[in-house]
Structure formats: structure tokens, C-alpha cells
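Here are my notes on this model for your first read-through. Please keep the structure open beside them.

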Amino acid sequence: MRRTTLLSRTRWLTGRTPGVVPLSVGHACVDVYQGAVASLVPFFVAERGYGYAAASGIVLAASLLSSVAQPVFGLLTDRRALPWLLPLSTFLAGAGIALSGLPGAYLPTLLCVAVSGLGIAAYHPESARTARQVSGGSHRAMGWFALGGNLGFAAAPLLVAVVVGTGGLGLTPLLAAPALLGCALCRPVLRAARTRRATEVAGGTAEAGRDDVPAFVRLSLAVVCRSVVFVGLSTFVSLYAAQRTGGGTAAGTAALCVLYLGGAVGSVLGGALADRFSRVTVCRWSYLVAVGAVAGVVYVPGPALLVFLALTSAGLYVPFSLQVTLGQDYLPSRMGTASGVTLGLTVSVGGLAGPLLGALADATSLRWALTPLIAMPALAWLCLRTLSEPAVPRPAPAPVGRAAPRR
């Protein structure tokens, strides 16, 4: 009885789509390698004497290749389903990081990190398409899928500190463990996808809607604005919190934890809210909340800064998974491309603001550098202000002579 109750609660939390649970965990197993690259940089600097330029080149090799290549893989998955990409890309993401600590020369290390970035790029468009299929369009389930990636990214510093911090770069092969788990979880995910596909075929193929490219472009601009805020805060909020609270490095670490944990809560909350209200409405209100929350982070002194930081993180992450499904519904004939752009390309474009904020901070102060971030959620709201909820494809009538499956 207790096991049945737990299973029913799990299905309710994830939108009654149990296949999303292994997919969410697999998403975490891949995204841990996105956070691992930056976490490994201090060890490359300490053990190999890399300068700041060389260290930033390693981060750039992973992040830029991952973000720019995702739309390319999206185009491929639009032409045909590529389920084998899930285990292969998971393996590549882990293998690149696992091998990055072994070669002593810079170029082989750069190549290993680039391979990991390529695996991450290949994973996300196909996984987002599979998550949409497995979830049957449930916003709550897509929120749990996004949550997995957030938790994986946030767990990376701890994983690297435990493994590499205790034994040096020679122990990076141990970092392959999440990838092995992710590969194993691909089997139940693909089984759930086949089951869902068979059900859809039995009930009639869904009628795809028309692409709304202008709406998709405006949505993408909103995602860019969101990315600018998140990249700026994740880069400088630890230093800023240490200054504003007087708590030193402990306050900075606490600020980063709040930023990441607030994102985890926001991802799940966004899916739940979208089941009651339209996705566009939820995104608009979230960005309005984020405007005031970012202003509080920048100008409110003392520990209260952490409260506004939690609101900022939730406000930025409530729309996260909703924007992915909105992009897919604005481009129903190119869902892979839509996923690659909203999950990858727009993030890298937003990340380009990081060096500009750093230069402004050097010329003025951290507060002045972070002040422009207040306007970014407002610009995102403006991009979404006149957008309408896209029409979700409806199932076609069941073929003549074949009964539709009971629900």
C-alpha cells in the first residue's frame, strides 16, 4: 500500500509521466559536465601553471562549442528522430571531462574539453524533443526535466572538489561516473518514448500547426535578456555579496547556493503554474517579479540581499522550461531547431555580456556594473507583452476501422 501511494505521488508530481524521472536524472548526469569545466579551471591553473588567458580558453572551448552546435543538432533531429544520440552524447560529455586531466599539454586538454562540449550540444535538442514526447505535453513534467539539468550544474563544483580536490587532476577519470549512470538511464527513457509513440499512432497522428517565426524570434530575444541577467549574477554575485554583507567568502558561497537552489525551485514551480495559467502569462509575471528582485539584489544591503536573490533566481527559472516548449510550439515543424536555439544559442549570446560587465566593473564598481541587469527582465517582458499562447497540435481522428485507445 505504501509503495502504491509513493508511486501515485511521484506520478502526480511529474505530471503522471514516469518516464520523465529517468530522463530528468539523465539530464542532471549530462549538465554536471557543463559546470565541471569552470570548476576544473583552478586545478589547471594550480597544477599546470595556466595563465588567465589559457584558462578562459578552456571554458570558451566547452561553452561556445556547446551553445553554437546545439542548433545544428536541432536541425538534424528535425529531419529524423535520433534516439541513439542520447546515450552517445552522454558518453561523449563524460569522456571528454574524464580524460581532460590526463594529458599534460594544453592542446590535448583543450580537445578533450571540446569533445565534452560537443556531447552536451548533441544531447539537449534530442533530449528536449524526447522529453516533450514522453511527457505528452505536460508542463509539470517538463519542469522536472529542466530541474534535472539545474541540479546537475549546481552539483558540479562539489563533485570536482571531492574527486580532484583530494587527488589532483590524475583522478579526473572518476568523473565519468555520472555519464555511465546517464547512459544506463537512456534505456527506460527510450522505452517510454516508444510506448508513447505507439499510443499516438494508435490514436491518430497529431496535426502540426504552422510555424510562427516572428513570435519565435521575440521569444528568443526574451531568452537572451534572461541569459544576460543569469550570467552576470552567477559571475559576480559571490563577490558582490561578500562586499554588501561583510561576510567574506562564506557570504559569497551562500549567495551562489541561493542562486542555484532558487533556480531548482523555480523550474518545478513554473511547470505547476503553467498547468493552471497560460505559459506566456506565467513568463510575463515572472519577469515582472524579477525586475524588482534584481533591483533588491543590487541596492538592498545586508543579509536581505539573499532574500531578493532567491526571488530573482525563481523569477528567472520559472519561465525556463516554459520557454523551451513555447519555442517548440511556435516552430512545430522544427522542434529540434527550436530546442537548440532556446537551450543553447541564446545562452551563449547572453553570455557575451559577461566580459562587458567585467570591464564596466573595473572602470566603476560592481554595483554600477550590475545595475544594467535590472533592465533585462523588463526588456524580456516587453518582448513577451503582445505574444499569444501558440496553438498546441491536436490529435487527428483515429483511422477508420480502428478504435481509439481508451483513456
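1. Start with the largest nonpolar core, which has 53 residues. A nonpolar core is a set of buried Ala, Val, Leu, Ile, Met, Phe, Trp, Tyr and Cys residues joined through side-chain atoms within 4.5 Å. L309, Y330, L373, L384 and L387 have the most contacts inside it. Helix α8 (residues 213-245) gives the largest share, 13 residues. Another core lies apart from it, with 30 residues, including Y33 and M142.

2. A word on the source. This is a predicted model: local features need pLDDT of at least 70, side-chain atom pairs count only at pLDDT 80 or more, and totals for chains, interfaces and linings use all residues. Residues are numbered from 1 along each chain as its sequence is written, and side-chain values use heavy atoms, without hydrogens and water.

3. Look at Y330. Among the residues that Y330 touches are F216, L219, V280 and L387, leaving aside residues up to four places away in sequence. Contact means heavy atoms within 4.5 Å.

4. Now S220, in helix α8. Helices here are DSSP runs (H or I, at least four residues), numbered from the N terminus. S220 is buried, with a relative accessible area of 11%. Buried means under 20% relative accessible area (1.4 Å probe, protein chains only). S220 touches V341 and T346, again not counting residues up to four places away in sequence.

5. Check helix α5 (residues 106-135). At 1.5 Å a residue, its 30 residues should span 44 Å. The expected span is 1.5 Å times one less than the number of residues. The end C-alpha atoms are 43 Å apart, which agrees. Of its 30 residues, 23 are buried. Just after α5, G136 takes a positive phi of about 65°.

How values were computed. Buried < 20%, exposed > 50% of the residue type's maximum accessible area, 1.4 Å probe, protein only. Helix = DSSP H or I, 4+ residues; strand = E, 2+ residues; numbered from the N terminus.
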